[in-house]
Amino acid sequence: MVWGVIELRRLTKRYGRTPAVDELSLRVEPGHVTGFLGPNGAGKSTTMRLILGLDHPTSGEALVNGRRYARLPRPMLEVGSLLDAGAVHGGRSAYNHLRWMARTNGIGERRVTEVLEEVGLAGVARKRVGEFSLGMKQRLGIAAALLGDPGILMFDEPVNGLDPDGVRWIRELMRALAAQGRTVLLSSHLMSEMALTADRIVIIGRGKLITESSVAELTSRYPSLEEAYMSLTADSVVYR
Ligand code: ADP
């Protein structure tokens with residue numbers, strides 16, 4: 001089994017009658033930043049939750065290194081993720097938050113210091129997370145994702161609400177993680193952001209796969225990535 005592959009096989013999730021994810025088949029491979037794009041409501045977060053076993057598919061399956069997430073012996077060592085940076089206990093310090101995660105996952109405490117340094121939070125490691133800004137919480141969430149040194153990383157809209165420095169930092173980190181041979185899946189509803197970060201693009205709309213392509217292929221077929229995105233998703237925007 002190849003290290004760090006996400007595979008979706010006709011993945012489907014219905015809430016009531018409308019499918020949030022509809023027969024989605026896809027392979028996400030190592031060594032790339034794959035941008036996972038689609039208008040709001042396209043099914044990106046649901047797909048990520050299904051990959052992480054936080055929700056059960058109605059049919060089809062999501063596999064991580066050939067297994068369902070729930071079957072991974074030590075999931076944090078295979079997949080790191082950040083879905084919602086705000087969902088962290090405010091009363092603990094950053095250090096204690098990560099130490100608790102490390103301990104419950106059989107990861108040594110030295111790694112906590114390493115990841116705090118890697119995300120630039122070493123200086124505020126003892127501060128309560130409740131006092132952190134959104135950008136700092138985002139960095140802490142990324143530190144948690146990196147804790148198990150996993151081959152696969154998934155981030156849901158990681159640049160939302162960040163200042164330009166934070167955005168640039170995330171962009172460079174994602175590219176560095178992919179250059180180390182990891183699989184990086186990054187969701188966004190902004191093609192402009194993905195154009196600077198991703199080298200592969202997956203676009204979904206209404207839960208279905210619209211396009212899976214390299215950035216180079218898209219730019220050769222369309223005048224710009226923005227135009228590619230607008231043209232490919234024109235029928236998929238849902239107005240509510
Ligand atoms: P995206 O991340 O692309 O914005 P989502 O995966 O959040 O899209 O949502 C896809 C669709 O599924 C939307 O129509 C949304 O309203 C619906 N949906 C997501 N989660 C739930 C849920 N827990 N219950 C009912 N509908 C949901």
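In what order do the six strands of the open sheet with mixed pairing stand? In this predicted model, the order is S5-S6-S7-S3-S8-S9. Strands S5 and S9 form the edges, each pairing on one side only. From one strand to the next, the twist averages 15 degrees. S5 and strand S6 (residues 152-156) run parallel and are joined by four bridges. Within this pairing, leucine 82 has phenylalanine 155 of S6 as its bridge partner. Helix H5 (residues 164-179) packs on the sheet, where it touches strand S3 (33-37), S6 and strand S7 (183-188). The direction of H5 makes about 150 degrees with that of S7.

A second sheet, also open, consists of three strands in the order S2-S1-S4, and its pairing is antiparallel. Strand S2 (18-28) and strand S4 (59-64) each have a single partner strand, so one side of each is left without a neighbour in the sheet. Neighbouring strands here are turned by 20 degrees against each other on average, direction ignored. Strand S1 (residues 6-15) is joined to S4 by five bridges, and the two run antiparallel. Threonine 12 has its bridge partner in S4, namely serine 59.

Helix H1 (residues 44-51) lies across S1, S2 and S4 and runs at about 115 degrees to S1. Six of the eight residues of H1 are buried, leaving the helix mostly covered. These buried residues are Lys44, Thr46, Thr47, Met48, Leu50 and Ile51. After H1 comes glycine 53, which has a positive phi, near 70 degrees.

At the level of the whole chain, the secondary structure comprises eight helices and nine strands. The radius of gyration is 18 Å, which agrees with the value near 18 Å that a compact globule of 240 residues would have. Along the principal axes, the C-alpha atoms fill a box of roughly 50 × 40 × 35 Å. Of the 240 residues, 50% are buried. Among contacts with a separation of 6 or more, 69% involve residues 24 or more positions apart.

The chain is divided into two parts: domain 1 (1-78 + 152-240) and domain 2 (84-149). Taken over C-alpha atoms, the domain centres are separated by 24 Å. Domain 1 contributes 18 residues to the contact between the domains, and domain 2 contributes 17 residues.

Two buried helical residues illustrate the surroundings of individual side chains. Threonine 197 is located in helix H6 (residues 191-197). Its relative accessibility is 1%, and threonine 197 therefore counts as buried. Apart from neighbours within four places in sequence, threonine 197 is in contact with Val33, Arg171, Met174, Arg175 and Leu186. Leucine 140 belongs to helix H4 (residues 134-146). Leucine 140 likewise counts as buried, because its relative accessibility is 1%. With neighbours within four places in sequence left aside, the contacts of leucine 140 are Val88, Ala94, His97, Leu98, Leu121, Val129 and Phe132. Leucine 140 and leucine 52 are separated by 88 residues in sequence and by 19 Å in space, C-alpha to C-alpha.

Backbone angles were also examined in the loops. Most residues other than glycine have a negative phi. Asparagine 65, which is not a glycine, has a positive phi of about 50 degrees. Asparagine 65 is found in the loop between S4 and strand S5 (79-82). With a relative accessible area of 13%, asparagine 65 is buried. Arginine 206 has a positive phi as well, of about 45 degrees, although it is not a glycine. The loop that holds arginine 206 lies between strand S8 (200-205) and strand S9 (208-214). The relative accessibility of arginine 206 is 45%, so arginine 206 counts as partly exposed.

Conventions
Residues numbered from 1 in each chain as written. Predicted model: local features only at pLDDT ≥ 70, side-chain atom pairs only at ≥ 80, totals over all residues. Heavy atoms only, no water. Pairing = 2+ DSSP bridges. Axes fitted to C-alpha atoms, helices over the stretch in contact; angles between N-to-C directions. Contact = heavy atoms within 4.5 Å. Rg over C-alpha atoms; globule rule 2.2 N^0.38 Å. Buried < 20%, exposed > 50% of the residue type's maximum accessible area, 1.4 Å probe, protein only. Domains from an automatic or database assignment.
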